[in-house]
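The following exercises are to be worked with the sequence and the model side by side. Each task is followed by a solution in steps.

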Amino acid sequence: MVSYATVIITFANILATIANADICITGTSTTNTAFFGNYQQNTDDEGNIYYEKDQVFCDDQPEYLYLTNEKWQTNQELNGNGYSLLCPDENIASPDLCTAGTWMNTGSIDSTIQVTANACPVPDSTPSLGCDYILLQDSGNANNNIQNGLYTKIGTGDNLYQKDSYLFQYSKLSQSWIIAEIDIRESCQNPSYYFKSTDTDIDGLSVGDENVEIDITYPVQDGDYSCKQPKISCLDSVPTAEVLNNALCNLPCNLNPPSLECDYILLQDSGNANSGGLNGLFTKVANEDDLYQKDSYLFQYSKVSQSWIIAESDERESCQNPSYFFKSTDTTIDGLSVGDANENIAITYPVQDGDYSCKQPKISCLDSEPTDEELNNALCNLPCNINPPSLSCSYIEIDIQGGNYGSDGIYNKIDNNLYQMGEYYFLYYVQGGYYAITKSDDRNLCGNTGPTAYLRSFDSNIDTLQNGNSITASLDHPASGTATINCLAQPPTAAPVPAAPNGLCVAVTDNLILNSVLLTDIAGTYSLMSQDINGQPAYELQTGCGTPAYIAYDDVYPYYFLSTNGNDPYPSGFITYCTNTASINNDISQCVWQTPPNWNGGDLVEVTSGGGCACGTVISASPIIMSQDINGQPAYELQTGCGTAAYIVYHGGIYPYYFLTTNDNNILSGWFAYCTNTASISNDISQCVWSSDLVEVTSGGGCACGITFDSGSISPNGEPVAIKLKFPNENIVIPSTDPKPVGIWSQFMDILHTEW
């Protein structure tokens, strides 16, 4: 009979016989990982089988696997109390026979623990890479992309590569490739890391291996990044900028950028004190999606920042966070359709604070260019709280020194900082911060360019004007000029003109049409009218002289006008005006009447006191016949005051002709033309056929100095010549004429004549 003790011993011997020589314990838990590894079979002094784990890197404590209470368990002390890992099955010959998924790890079931009856694979020695550079890409997620990019080999040891403050390296303890901020290759502490991979494909990299797909355990690539396939390259030189840019890209998988159908994008109110130039019209770039251009700026959708930006380069597909001048993540832009106008949007840049905090950025999606007014409004970048100066003058009188610029005169106040004289406005241009004379109300004009200005001044002394004050203001336009500006409570008036007992006599240049009126039709005696016009005495042309005409004072402009309209002298019947009305000392005969600039033909109109002249009276001058003959024939001399001395004289001898010359002693030294048919003119020089058709000579005299075919009393075709005069507010610049030595007996045709 076999005793019970014998049975127990026999069972132990059976176990010893069945037990395997090597046991491998593995798992993915982070608890009790020191007990994972390869165990080799041993027998204690009493013949009991146990297993002891092989010592590995950084493992300086023994680990044992043995039977206690007929259950396999681990401990750092052989046959010690308590356990780290425990198989709940009893009386099994070998740990590998424990029911799968039932191992306990510190009191809880750990289904990841696997125990096999064979030796664990012996890890190779620490891998060593021969790369000069490591390039990682597509290894990030929504919150972590620092690991992508180029790492450069550093130091003399193996497997240490650096990018900025990050180190790509092999950790012996975790037997994995990691990225950390310190060198932990030989550390026995579990490292903190930004990247981890146990993929052995990295161990075998050789120079030239590019875009090798690898598995990583960190960071976790889920959600929008679940499609990513991390890649690694082993290089011996720095990659191209394009390759590096692609590596740094961290766009999610399912990104579907918005797409606009607009032909034009109009932005407004999106600037601040330092950034107003981005407002305006952006035009779609041909054959490009969501790319619009204005000058050097591109409005576009950036995938990497998932926002609408304005940049100076195409950043739509760039994986680098772009530099931008404008940024908005407002999804209102994503949904724009053609025709959507002035849609309010939120922007993150530029920051609109301070004087621009009231701005509400707007965007429009258009299929055609906006009107000039709409574009001008979009370009406006005025701050919210601007307070322009305010003038209290009822009237402003402006005299620009150095010439008559057409915009001099009296301006009547019609609104705050807005004064008008005819078609001209004197105003304060808010955006430019200066005073100007313009032809429209441009006070609040906004845009990249200011108004067309006939006067421009930044002189702040104008701000201080009060009724009764006068200043001399510096001008920016005309350049380096000055202007006298009078601030008036009432408009100035000309001194009353006393009634001329015998009226006024108006004489005119013959055969000349002035402002559509034949001057001889309004020449004659003007009598004092029984009633004033616009508060001043007025004179009326005697009846029967052709066209009713008046000399009267205007109700808007402080001048006397010669006009065909007595009730409204200007502009409806305007012929010419008394340019010095304010200083004629009560005597209209002292008037300087308007003539074209640089006119050398004498007065067009001459007004004298006393009346008594006939209808159609012309300004005349008596021909001057020289007191002595020259070369036996009568000679003619140009009247004095016409510029150059000139003569019509007979030469005789081998040249039996009349000559037009500037030298009466040496005729040929100064001649212009000669009378080719002298022998047949029957003593009438007006019958001459001159050697040049630039000369025409008629009998009777009566023409002014500098007379030309198209501006004098005689025209080539015998018809009256028309001249158009302009009152200053019409701002017409008339080209100069070239004075010539002509007068009552001759005239030159101005080949380059200008029709006024």
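Contact means heavy atoms within 4.5 Å. The model is a predicted one: local features need pLDDT of at least 70 and side-chain atom pairs count only at pLDDT 80 or more, whereas totals for chains, interfaces and linings use all residues. Residues are numbered from 1 along each chain as its sequence is written, and side-chain values use heavy atoms, with hydrogens and water left out.

**Exercise 1. Two loop residues**

Task: Determine the place, the accessibility and the contacts of Gly-610 and of Ser-318.

Solution. 
Step 1. Helices (H or I, at least four residues) and strands (E, at least two) are DSSP runs, numbered from the N terminus. Gly-610 belongs to the loop between strand 42 and strand 43 (636-637).

Step 2. Buried means under 20% relative accessible area, exposed over 50%, and partly exposed in between (1.4 Å probe, protein chains only). The relative accessible area of Gly-610 is 34%, so this residue is partly exposed.

Step 3. With neighbours within four places in sequence left aside, Gly-610 is in contact with Asn-502, Gly-503 and Leu-504. A further distance concerns Thr-525, which is 85 residues from Gly-610 along the chain: the two C-alpha atoms are separated by 8.6 Å.

Step 4. Ser-318 is located in the loop between strand 22 (307-311) and strand 23 (326-328). Its relative accessible area is 12%, and therefore Ser-318 is buried. With neighbours within four places in sequence left aside, Ser-318 is in contact with Asn-245 and Val-304.

**Exercise 2. Disulfides**

Task: State how many disulfides a search of the whole structure finds, and describe the links of Cys-24 with Cys-120 and of Cys-578 with Cys-591.

Solution. 
Step 1. A disulfide is counted as a pair of cysteine sulfur atoms within 2.5 Å. The search of the whole structure finds 9 disulfides.

Step 2. In the disulfide of Cys-24 and Cys-120 the sulfur atoms are 1.8 Å apart. The torsion about this S-S bond is about 105 degrees, so the disulfide is right-handed. Because Cys-24 lies in strand 1 (residues 22-26) and Cys-120 in the loop between strand 9 (114-116) and strand 10 (133-137), the pair ties together parts that are 96 residues apart in sequence. Both cysteines, Cys-24 and Cys-120, are buried.

Step 3. Cys-578 and Cys-591 form a disulfide with sulfur atoms 2.1 Å apart. Here the torsion about the S-S bond is about -95 degrees, so the disulfide is left-handed. Cys-578 counts as buried because its relative accessibility is 0%; Cys-591, with a relative accessible area of 11%, is also buried.

**Exercise 3. A sheet and a helix packed on it**

Task: Which strands form the edges of the open sheet of 8 strands, and which helix packs on the sheet?

Solution. 
Step 1. Two strands pair if DSSP finds at least two bridges between them. The 8 strands of the open sheet follow the order 15-14-13-12-11-10-17-16, with antiparallel pairing.

Step 2. The edges are strand 15 (195-197) and strand 16 (212-213), each of which pairs on one side only.

Step 3. Helix 2 (residues 241-248) packs on the sheet and touches strand 10 and strand 11 (149-153). Its direction makes about 50 degrees with that of strand 10; axes are lines fitted to C-alpha atoms, for helices over the stretch in contact, and angles run from 0 to 180 degrees between N-to-C directions.

Step 4. Within the sheet, strand 12 (residues 160-163) and strand 13 (residues 166-171) run antiparallel and are joined by 4 bridges. Leu-160 stands opposite Gln-169 in strand 13.
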